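Here are some notes to read alongside the model. Have it open while you go through them.

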Amino acid sequence: MMEHEIAEILSRHGGVAAGVSIAEEVEESAWQSYLDWIARGDHAGMEYMTRHSELRRNPSLLIENAESIISIAFPFKPTRFRNKERGMIACYAYGDDYHDALRKRLQEAAAEITTLFGGNHRICIDSAPVMERYWAVKSGIGRRGLSGAVIVPGAGSMVFLAEIITTLKLTPGVLFAHTTAGLTCDSCVVCRNRCPGKAIRPDGTVDSRRCISYLTIEHRGPWETADAMQVMATPEGKDTIFGCDICLRACHLNMDIVPSELPELTPRDTVMNLGRGEIAGMTQEEFSRIFRGSPIKRCKLAGLKRNIGIKAE
């Protein structure tokens with residue numbers, strides 16, 4: 001059976017869950033929710049979120065004759081966390097850049113699928129306008145938590161989501177998962193309460209203008225708005241070097257999750273031991289060398305220094 005073979009391939013390449021959806025338009029209610037998020041300005045300075053709306057609405061347009069969308073979850077919970085005294089770095093950034101690591105794994109998986117069953121495939125890992133959380137839930141591999149993150153049974157919400165859009169006509173539903181037991185937030189709102197910027201809205205969407213992760217990674221230049229300055233003046237904001245995952249660490253559904261076994265995500269000593277003093281005196285050459293192949297390179301040296309309180313010259 002084709003689905004069984006594909007499940008085995010994706011599992012062997014590091015996925016903890018995978019599911020299939022029909023390649024079609026996003027449902028009206030979900031699409032309207034996205035448009036409302038944009039209209040409120042919750043995307044902050046991420047203008048790319050407003051582009052290619054026709055593709056985001058209908059990912060089947062990303063590849064000719066698309067039939068199916070395969071959603072895959074990969075775990076990133078680290079084997080150890082940084083010493084709090086050194087400052088916050090989001091744990092997904094401890095190892096290699098997940099874009100590169102997962103793309104290589106899925107390229108190899110897609111090649112095996114092509115050899116067995118043919119078809120054309122497009123891999124999406126934050127590289128295309130795809131509503132990845134929507135498709136993960138649609139495929140059955142997880143549920144949206146109150147923080148907006150997708151909770152995958154047996155893996156929690158410390159997961160990367162990726163997609164393979166394919167011309168193969170697959171049966172919709174879960175291909176494989178660690179467990180089929182449902183996980184819900186119930187009435188727990190610890191993620192929302194712990195968010196330093198109060199960025200998580202009651203509907204599970206995030207106001208990026210008040211999100212430390214956005215402000216320390218995606219935002220360019222100084223924090224000039226009242227919201228941004230207020231958030232970054234909190235103890236957690238002052239403590240942050242790169243990104244934020246307080247909501248994920250606070251979630252009880254992530255407490256007993258087994259750490260990721262993907263070697264590319266193994267914490268780098270250079271990242272685990274990085275301190276403010278090293279960043280303060282860091283040159284561009286040192287930044288490029290230390291963070292080669294790391295997601296931390298995304299915020300650039302100027303952003304990293306801004307995050308620790310050094311103003312641009």
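**Notes on the fold and its salt bridges**

1. Start with the charged pairs: there are 19 salt bridges, counting a side-chain nitrogen of Lys or Arg within 4 Å of a carboxyl oxygen of Asp or Glu. Bear in mind that this is a predicted model, where local features need pLDDT of at least 70, side-chain atom pairs count only at pLDDT 80 or more, and totals for chains, interfaces and linings use all residues. Numbering runs from 1 along each chain as its sequence is written, and side-chain values use heavy atoms, with hydrogens and water left out.

2. Have a look at Asp 42 and Arg 209, whose side chains form a salt bridge at 2.8 Å, N to O. Asp 42 sits in the loop between helix 2 (28-39) and helix 3 (53-57), while Arg 209 is in the loop between helix 6 (190-194) and helix 7 (212-217), 167 residues apart. (Helices are DSSP runs of H or I with at least four residues, strands are runs of E with at least two, both numbered from the N terminus.) Asp 42 is buried at 0% relative accessibility, but Arg 209 is partly exposed at 29%; buried means under 20% relative accessible area, exposed over 50%, and partly exposed in between, with a 1.4 Å probe and protein chains only.

3. Another pair is Arg 105 with Glu 264, with 2.8 Å between the closest N and O atoms. Arg 105 belongs to helix 4 (residues 98-117) and Glu 264 to the loop between helix 10 (246-250) and helix 11 (269-272), 159 residues apart. Arg 105 is buried, at 14% relative accessibility.

4. Which residues does Ala 228 contact, leaving aside its neighbours within four places in sequence? They are Arg 209, Leu 215 and Trp 223, where contact means heavy atoms within 4.5 Å. Ala 228 lies in helix 8 (residues 226-232) and is buried, at 4% relative accessible area.

5. Now the sheet: five strands make an open, antiparallel sheet in the order 4-7-2-1-8, two strands being paired if DSSP finds at least two bridges between them. Strand 4 (121-124) and strand 8 (173-177) are at the edges with a single partner strand each, so one side of each lacks a neighbour in the sheet. Strand 1 (residues 17-22) and strand 8 are joined by four bridges, and Ala 17 has Ala 177 as its bridge partner in strand 8.

6. Helix 1 (residues 2-12) packs on this sheet, touching strand 1, strand 2 (68-75), strand 7 (159-166) and strand 8.

Methods
Axes are lines fitted to C-alpha atoms, for helices over the stretch in contact, and angles run from 0 to 180 degrees between N-to-C directions.
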